[in-house]
Amino acid sequence: MKTSRSLLPASLAVASMALSSSVFAAPLQPIPQESGFGGSLILGLSGTSYSSNMVAGPNGDLGNASISSLDSGPDSEGELSPFLTGEVAYTFGKSRTQLFLGNALEDLVRYDLAFQAGVRQELADKSIVYGAFLFSAIPTEVYADPYQTGTDRDETDRESTGGRIGWQGIMGSGLGIELSHRSIELDDEESGQAMVDQTILSTDEQALLNREGDQNSITLSYKMNIDRGQFLVPELSFHDFDLDGEAMARQRYGLTTTYFLHTPAYSWVVSVFYAHTEHEEENPIYGITEESDSFGGSVVGTYHNLFGWQDFSAIGSVAYGETDSDINFYDADVVTGSVGILYRF
C-alpha cells in the first residue's frame, strides 16, 4: 500500500469519515444563538483501495498509469492518507445569519467533496435558506487521454466551479431542496488522441469523448423522526452532466437513505445509496451507448467527549462503493476505512 502526503484525498475515504455528522441532530445543523466564530475540524488517517481507468487520484497515487487493453476493467491500487478537513463559520446571532467556508459535514454525508463559501439565513419558521460558491480547493487528477495503451498516461487536473442554493426544513417540515450548477474543466483534455494518431478514430469521433462541460443537480430530502435521537433521511437526486462530448453527456438518478442514531455517549450513521446513469450518445470506441449502476454503503461510529473533553469525539468508519458499467473499461470501485478525531468549536 502506498503512503500519500495529501491532507485532503479526493476519495470516499474522507467522505465516509465525515459521515460522523451524526453528532448533530439534523442534516443541516442549526445556526448558533450567539454571535462569533465556530465550526468543526476532522483530523485522521484513511486507508483506501480504489480502481478506475479514468481517475488517477488526488496525487496520481491511486490509478494505473499504464494499461494494455481497452476491453478490461481497472486494477485496484491502495493508499494510506492523513487528512484534514472541516468548516469555519461566523454567526451574526441577532439577524440569524451565518457566513461559512470549507467542507460542511452535512455535505460530506452526501459524498460531496467540493469546498464552499457562502451564507445561511434562518427564517421565522426555523427553516434555513442558503447559497454558496463551490470550487475545487485541491483538484482531482485524471488521465489526459485515458484510452492510451502500452505507455504511461499523462495526468491532468480536473477542476469544477459553480454555485448552489437550498432550503432545509421548509415551512417547519422535514423537507429540503437543493439546486446546484458546476462547470467542469480539465487542464489538458486529450481523450482519444492516441487513437486519432493511429487513425482508429476520426477527430469528429474524438470530440464525442470530451469530458468538459456543465453539471446541473437537484436534490430532494426528507427528515423522518423515528424516536428520540433517531431519524431517517431518504434523499432523491437528479444530475444532468451536459458535457461537450455527447458520448460522455449523461443523466444520473440516485436514491440515498441514511439512518442516524445519537445518544450523549455515542452516535451511529448507516447509509446506503443506489444510482442509475444513462449516457446520451453511442460511444465511438465501443459502439454502444453506455449505462451503469452505482451502489454502496457506509457505517460510521462516533464516541463523544473523548478523554472527558466535551468538544472532542473519536470517529471510525468503513465504506464501500461500486460502479458497474455495461462497458467494462468504465467499471470502478472503492473500499475505505478511516479513524480520526473530530473537534467542534
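Glu 185 is found in strand 10, residues 175–186. Strands here are DSSP runs (E, at least two residues), numbered from the N terminus. The model is predicted: local features need pLDDT of at least 70, side-chain atom pairs count only at pLDDT 80 or more, and totals for chains, interfaces and linings use all residues. Residues are numbered from 1 along each chain as its sequence is written, and side-chain values use heavy atoms, with hydrogens and water left out.

Glu 185 has a relative accessible area of 47% and is therefore partly exposed (buried is under 20%, exposed over 50%, partly exposed in between; 1.4 Å probe, protein chains only). Glu 185 also belongs to a negative surface patch, with Asp 152, Asp 154, Glu 155, Glu 159, Asp 187, Asp 188 and Glu 190. Patch residues have over 30% relative accessible area and no salt bridge, and like charges are joined within 9 Å. A salt bridge is a side-chain nitrogen of Lys or Arg within 4 Å of a carboxyl oxygen of Asp or Glu.

Aromatic pairs number 15. Ring centres of Phe, Tyr and Trp (its six-membered ring) must lie within 6.5 Å; planes under 30 degrees apart are stacked, over 60 edge-to-face, the rest tilted. Phe 115 and Phe 135 form a tilted pair, at 5.9 Å and 45°. Phe 115 lies in strand 6 (115–122) and Phe 135 in strand 7 (128–135), 20 residues apart. Phe 135 is partly exposed, at 21%.

Tyr 286 and Tyr 330 have ring centres 6.1 Å apart and planes at 70°, so this pair is edge-to-face. Tyr 330 is buried, with a relative accessible area of 10%. One aromatic cluster is formed by Phe 307, Trp 309, Phe 312, Tyr 343 and Phe 345.

Terms used:
Patches are made of residues with over 30% relative accessible area and no salt bridge: like charges are joined within 9 Å, nonpolar side chains (Val, Leu, Ile, Met, Phe, Trp, Tyr) within 5 Å. Accessible areas come from the Shrake-Rupley method with a 1.4 Å probe; for residues, only the protein chains shown count as cover. Lys and Arg count as positive and Asp and Glu as negative; His and the chain ends are not counted. The place of a charge is taken as NZ of Lys, CZ of Arg, CG of Asp or CD of Glu. Helices (H or I, at least four residues) and strands (E, at least two) are DSSP runs, numbered from the N terminus.
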